[in-house]
2 protein chains.
Amino acid sequence: MPRLFDKITIAGVGLIGGSLALAAREQGLVGEIVGLGRGEANLRTARGRGIIDAYSLDPREAARNADLLFLSVPVSAMAAVASACAPVLSTAAVVTDAGSVKGAVVSDVEAALAGSFPFVGAHPIAGGEQAGAGAARADLFEGSPCILTPSRGTPPEAVRKIRALWEGVGMTVVEMDVDDHDALLARVSHLPHAIAFALVNALCRNEEIVTLSGQSLRDMTRIAASPAEVWSDIFVANRERLKTALDEFSAAFETLRKAIDRGDRAALRELIESARQAQAKLR
Amino acid sequence: MPRLFDKITIAGVGLIGGSLALAAREQGLVGEIVGLGRGEANLRTARGRGIIDAYSLDPREAARNADLLFLSVPVSAMAAVASACAPVLSTAAVVTDAGSVKGAVVSDVEAALAGSFPFVGAHPIAGGEQAGAGAARADLFEGSPCILTPSRGTPPEAVRKIRALWEGVGMTVVEMDVDDHDALLARVSHLPHAIAFALVNALCRNEEIVTLSGQSLRDMTRIAASPAEVWSDIFVANRERLKTALDEFSAAFETLRKAIDRGDRAALRELIESARQAQAKLR
């Protein structure tokens, strides 16, 4: 594939940032790759694995002359990182991200860039609860969807290049309004994470549970192993939409609870059967 | 291994009943295996796969001279099946089950047997959301725990044979009081199922969720694919214990929801970190 960017700076060389570096390099989409981070140990791992060519803890060093700045840091840190890098980017640079919340990120980062560079909000829906450069892999994005949330003023050429980047690493790209994205992700991802955290917190007092829990409980709570810094940020940044999703779940949970309280077998059978049929569509 | 039973009757040749037949035969623990069921199609599948030697829809035919009656039907049907089979069992017969609730099952089945045969309540914690003889496999139980809940009056020889059966198919057997079992399973299994059903019911209205849901939502809701008849029964039979578990989850969910409402990053980080650490112990 033709090269899209000559020098890219990856802020946050974790599972997502590291995997994008591996995949983009493998596909010939990028030239030099420089890592930017707060922790040298992780950056050393990334360089050792050949994920990045070089790294710096200093934004002005790491981002110098880059024509792509990729933000994969916790969502509350994105605007500050963009601000710190902007003065040294190539004049042709595009800025993008991989945040799980788009409304807050797009407005904060666009404000931080103050029109100097185009920002194309992106959310590759891939990954998992592992963290760090050690977990990165070139095939992480293959076959999964990526949502882009360009603003009205985003230059089409910048959107085209970011679309080509994600398509180039195997994703199916869809464009979406930021609010639609945030409402959808509140339901499909942020709510399930909240439930998994609450379930584990409710269960973990009991030592027997650890010994006698089966595969199904492990599968169901796997996402509760996700990093606290990332997820506390996501919950706060998307809290209005998440509240709606939490309420929708609470209503469904109450309906089920009442049928259990009543010992209402017929109602329970109907509620479970509707869940069973809907779940089958997720596969 | 030495043979434990000469002729066993399996009431309900589904995932659990069928897998026990396959595993027990493979280990030489049983002689003839006869299936009892309501649906001939499933029993034909079971015979076709060599899971059972013969079958009948009539309890008095299927259970004749059996020295083990294995009940793997929905929990509300167990006592009636035990009653129907009792008149024709071998005088040396032992009755056992695989129900996910033990309090209600033990008292109902013991009442149905009226002291004629020993009953050893058992709960092999294995399986999944698949159903039917087609899903049965000989290695289903290997390495998983099995809980036995003998009553005070259960003859030790009957307990010993049922323990040998489950150990013989690879399970780690623990004995437990029925109430302890039901309280534990309410938390470790029945609550997670209730949550999965409610989550899918809350989400399923939205077509986009189906397209854009990731692997994590599929994993988390996998148990919502479980059969409605089995699970409505379990919820009703264990509803007192389940209520407690539902309340415990609701309290943890409310704590998280309030921290989200307040936008309290520090509290969220702590709640998520405690969940992350507890989840790691489940592996």
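## Strands 5 and 6 of chain B

In this predicted model, strand 5 and strand 6 (residues 119–120) of chain B pair in the parallel sense, over two bridges. Val95(B) stands opposite Phe119(B) in strand 6 of chain B. How does the chain get from strand 5 to strand 6 of chain B? The path goes through helix 5 (residues 103–113) of chain B, and this β-α-β crossover is right-handed.

The loop between helix 5 and strand 6 of chain B holds Ala114(B). Phi of Ala114(B) is near 45°. That is a positive value in a residue other than glycine. Is Ala114(B) buried or exposed? Ala114(B) is exposed, with 9 other C-beta atoms within 10 Å. The cut-off for exposed is 12 or fewer.

## Strand 4 and the two faces of strand 5

Strand 5 of chain B also pairs with strand 4 (residues 68–71) of chain B. These two strands run parallel, and four bridges join them. Phe70(B) stands opposite Thr96(B) in strand 5 of chain B. Between strand 4 and strand 5 of chain B, the chain passes through helix 4 (residues 78–85) of chain B. This β-α-β crossover is right-handed.

In a regular strand the side chains alternate between the two faces of the sheet. Strand 5 (residues 94–97) of chain B is covered on both faces. Val94(B) and Thr96(B) lie on one side, and both are buried.

Now look at chain A. An open sheet of six strands in chain A has the order 3-2-1-4-5-6, with parallel pairing. Which strands stand at the edges? They are strand 3 (54–56) and strand 6 (119–120) of chain A. Each has a single partner strand, so one side of each is left without a neighbour in the sheet.

The partner strands at one end are strand 5 (residues 94–97) and strand 6 of chain A, which pair in the parallel sense over two bridges. Val95(A) stands opposite Phe119(A) in strand 6 of chain A. Helix 6 (residues 156–168) of chain A packs on the sheet. Helix 6 of chain A touches strand 5 and strand 6 of chain A, and its direction makes about 50° with that of strand 5 of chain A.

Chain A has a residue with positive phi as well. Phi of Asn65(A) is near 65°, and this residue is not glycine. Asn65(A) is found in the loop between helix 3 (59–62) and strand 4 (68–71) of chain A. Asn65(A) counts as partly exposed because it has 15 C-beta neighbours inside 10 Å.

Back in chain B, strand 7 (residues 122–124) and strand 8 (residues 145–148) run antiparallel, joined by three bridges. Pro124(B) has Cys146(B), in strand 8 of chain B, as its bridge partner.

Strand 8 of chain B pairs with strand 9 (residues 172–175) of chain B in the parallel sense, over four bridges. Ile147(B) stands opposite Val174(B) in strand 9 of chain B. Together with helix 6 (residues 156–168) of chain B, strand 8 and strand 9 of chain B make a right-handed β-α-β unit.

## Where the chains meet

How many residues does each chain give to the contact? Chain B gives 71 residues, and chain A gives 71 residues. On the side of chain B that touches chain A, the elements giving two or more residues include helix 8 (207–212) and helix 9 (215–221) of chain B. Helix 7 of chain B gives the largest share, 15 residues. By class, this side of chain B has 41 nonpolar, 13 polar and 17 charged residues.

A rotation of 180° superposes chain B on chain A, with 0.0 Å of shift along its axis and an RMSD of 0.0 Å. The two copies are thus related as by a two-fold rotation axis. In chain B, the C-alpha nearest the axis belongs to Met220(B), 2.0 Å from it. Of the interface residues of chain B, 100% are also interface residues in chain A, so the copies meet through the same surface.

## An enclosed helix

Helix 10 of chain B has ten residues, and eight of them are buried, so this helix is largely enclosed by the rest of the structure. Among the buried residues are Trp231(B), Ile234(B) and Phe235(B). What covers the buried residues of helix 10 of chain B? The cover includes helix 5, helix 7 and helix 11 of chain B. It also includes helix 11 (239–262) and helix 12 (265–281) of chain A.

Technical notes
Residues numbered from 1 in each chain as written. Chains lettered and ligands numbered in written order. Predicted model: local features only at pLDDT ≥ 70, side-chain atom pairs only at ≥ 80, totals over all residues. Buried ≥ 20, exposed ≤ 12 C-beta atoms within 10 Å, placed from the backbone. Pairing = 2+ DSSP bridges. Right-handed = clockwise from strand over helix to strand, strands pointing away. Contact = placed C-beta atoms within 7 Å. Axes fitted to C-alpha atoms, helices over the stretch in contact; angles between N-to-C directions. Nonpolar A, V, L, I, M, F, W, Y, C, P; charged D, E, K, R; others polar. Least-squares fit on C-alpha atoms with pLDDT ≥ 70 in both.
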